[in-house]
Amino acid sequence: MPSLVTPVMCPGSLNASPQPTLSIDDDLLLRPWVPSDAAAVARVFQDRAIQLWHLRKAGSEDEAQGWIQQWRRGWESESACHWAVADASGDRVLGRVSLQSIILVGGQTEISYWTAPESRGKGVCSRAVARASRWALEEAGFNRLELSHSTANIASCRIAEKTGFALEGVRRQALLHADGWHDMHLHARVHEA
């Protein structure tokens, strides 16, 4: 069936080249995940705050290794783009930023993130989200980035506000967490022509 619209992003817009590494000032970078990051991921997912706001936990390094393999396949299939937030050397994992649920035809994706406990409160997450957003909207060609978080997650809401994601509304009982249903804030940024 013929389409009535021209796709915002054509197949191959992302995976025609390797996933980029993105510098953030002189002390941080976003880089593709590597197998040796599994220990860091497994450690972070033992944190109670991570478990409070996420739907899964890593029970072992092997499980984290499986996640990393899945994250790497996201770029190949153009369904997601997952970055490790790392120090300038690229060795130490400080967090994660992801573009998920990519819809190429509409140029849309959802951004998500987490920060390792020892990296919180230092601007790591907001700088990483800002850099990934800039890449998505200004370099990759996305038109709309959505950001969703539990209305009870005040820290995540601050990240959304600091990085220019306008609050668009509340999705009632939109996500089931371990402690029950959560209302979710929906924030978004769009490409400014």
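Visitor: Which residues does Phe142 touch, not counting residues up to four places away in sequence?
Guide: Met9, Leu14, Leu99, Ile102, Gly107, Gln108, Thr109, Trp135, Ala136, Leu137 and His191. Contact means heavy atoms within 4.5 Å.

Visitor: What are the ground rules here?
Guide: This is a predicted model: local features need pLDDT of at least 70, side-chain atom pairs count only at pLDDT 80 or more, and totals for chains, interfaces and linings use all residues. Residues are numbered from 1 along each chain as its sequence is written, and side-chain values use heavy atoms, leaving out hydrogens and water.

Visitor: Which residues have the most contacts inside the largest nonpolar core?
Guide: Leu14, Trp135 and Phe142, in a core of 32 residues. Such a core is a set of buried Ala, Val, Leu, Ile, Met, Phe, Trp, Tyr and Cys residues joined through side-chain atoms within 4.5 Å. Buried means under 20% relative accessible area (1.4 Å probe, protein chains only).

Visitor: Which element gives the most to this core?
Guide: α4, with nine residues. A second, separate core has 17 residues, including Trp67 and Ala84.

Visitor: Switching topic. How many helices and strands?
Guide: Five helices and eight strands. Helices (H or I, at least four residues) and strands (E, at least two) are DSSP runs, numbered from the N terminus. The order is β-β-α-α-α-β-β-β-α-β-α-β-β.

Visitor: How much of the protein chain is buried?
Guide: Buried residues make up 47% of the 193.

Visitor: And what share of contacts with a separation of 6 or more joins residues 24 or more positions apart?
Guide: In the protein chain, 60%.

Definitions and conventions
Buried means under 20% relative accessible area, exposed over 50%, partly exposed in between (1.4 Å probe, protein chains only).
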